[in-house]
Amino acid sequence: MALPQSLADAPALSRARRWSLLFTVAAGLLLVTLDNSVLYTALPTLTAELSASAGQALWIINAYPLVMAGLLLGAGTLGDRIGHRRMFLIGLVVFGVASLAAAFSVTAAQLIAARALLAMGAAAMMPATLALIGLSFHEERERNIAIAIWGSVAIVGAALGPIIGGWLLQHFWWGSVFLVNVPVVIVAFVATLLLAPEGQRDTSRPWDLLSSLLALAALSGLVLAIKSLIATPPSYGLGAAASVLALAAGAAFARRQQRLPHPLLDFAIFRNPAFLAGTLSAVFTLFAMAGLQLLTTQRFQLVAGFTPLQAGLLVSVAALGSLPSALLGGSILHRVGLRPLICGGLAAGALGVGVVAFGFPHGLGWVVAGMAITGFGMGSAISVASTAILNNVPAHRAGMASSVEEVSYEFGGLLAVAMLGSLGAAMYGAFLPVSADVPALAREGFAQAQQVAREAGPGEWFAGATAAYDRSYQIVLLVITAVLAVGAALIARLLRGRAGSREGAADRVK
């Protein structure tokens, strides 16, 4: 595959410099993905220490991915204008300052604000990481491997979050889960100054803040609508209002992009089937990984009595399983193309989640095996999805393409948390015995059922509550399995007859 002329004309870096730069931007990416999941194990401690309400606890988790997803499109386009090296450096500074603010927050409101600021730094960093790889690696096979490593870091960071959070809470105070970011930020900042190329800047293109705000409003409304309508009991009024906000903001965003001479998002890039396949693969992959991780850590802590660290180690099996397939996918993509790697990866992921769903009642070994299979499939899909996105736009759209990819990842994770968590709660309530001896509080959730059992002693009803929770866990895992299977079939159809990563210049968005 020939490089776009603007990339081909970029100054070549030495082998040592470009690979050192890869590990530098990977460190930044690791910080961003860690902070997405590190609070899964720390949230109970944070809630108690800061006297946070249930609503505040929800926003402590959701403020970070929601604000980041809303700002990513604008951040990528701004990077095209001022330079991706500069954007990465700005993002590191903001992320470091926000980490300090989060670590020393004394109220829940301060922590929520600090998490939103963390998201601003992350939004500046994320598109720049992938764009800098595209600027530094000119040879196709080497660039594919570099992007595969980048994708692997994203998965590993998400899986390591609960482990690191659990370990830090066992040895230090809760602020350490944020303070640990600061030394990494300092090292990455210095390394970026020394290693990263300046790259091209398109100063002729204005940056549109209003479009960024409209995108944020549309995503926020969509997530809130899903949460409200699937909740138990559903909040139809709030769900309807949030749906109206999402539709209105989304429509305004689309109309504005069509009118602008330099849109924040050029919808024409989605006409390229390989680009669209990579985008959908990112959504499906993160939907499955985030949902499987969140549900499994909760189930094995609540039912099996795992510590947060033990539960984090269990879901890390998926990350370990993803590494060999991610690296293999990047190294053979130029030979086999996108279709077998993405579709085969999603199909393998569906098989793995199915093994967990049907195997967990029969022993931990089935869960470990299913996690490993899922990770192996997801590693293949996520590594080449990044390549499909970056390789199928012209260089002056590198920041935009990177932003689309990051929004796809964040959107997949947000959908998983919004939909699967609420679906699991609804299924638990549906499967509970209808007998009158089940306490009212126990019907609100399995964690509440355990609280009642601790205070009053587990009655006969508790076995039924445990069975209902396990059945709801199984049903939601089967939903993930079905989503991955549908994704594999959809992308297979989309890429039918395509040459995969070896797209011709005529297929590119001009």
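**Exercise 1. Find which residues Ser-380 is in contact with, leaving aside its neighbours within four places in sequence.**

Solution. Start with the rule: contact means heavy atoms within 4.5 Å. With those neighbours set aside, Ser-380 touches Ser-325, Ala-326, Leu-341 and Gly-345. Finally, Ser-380 counts as buried because its relative accessible area is 9%, and buried means under 20% (1.4 Å probe, protein chains only).

A word on the model: it is predicted, so local features need pLDDT of at least 70 and side-chain atom pairs 80 or more, while totals for chains, interfaces and linings use all residues. Residues are numbered from 1 along each chain as its sequence is written, and side-chain values use heavy atoms, without hydrogens and water.

**Exercise 2. Work out which residue Arg-299 forms a salt bridge with.**

Solution. A salt bridge needs a side-chain nitrogen of Lys or Arg within 4 Å of a carboxyl oxygen of Asp or Glu. The partner is Asp-470, with the closest N and O atoms 2.9 Å apart. This pair joins helix α12 (residues 273–302) to helix α18 (residues 460–494), 171 residues apart. Both ends are buried: Arg-299 at 8% relative accessibility, Asp-470 at 17%.

**Exercise 3. Check the span of α12.**

Solution. The expected span is 1.5 Å times one less than the number of residues.

Technical notes. Buried means under 20% relative accessible area, exposed over 50%, partly exposed in between (1.4 Å probe, protein chains only). Helices (H or I, at least four residues) and strands (E, at least two) are DSSP runs, numbered from the N terminus.
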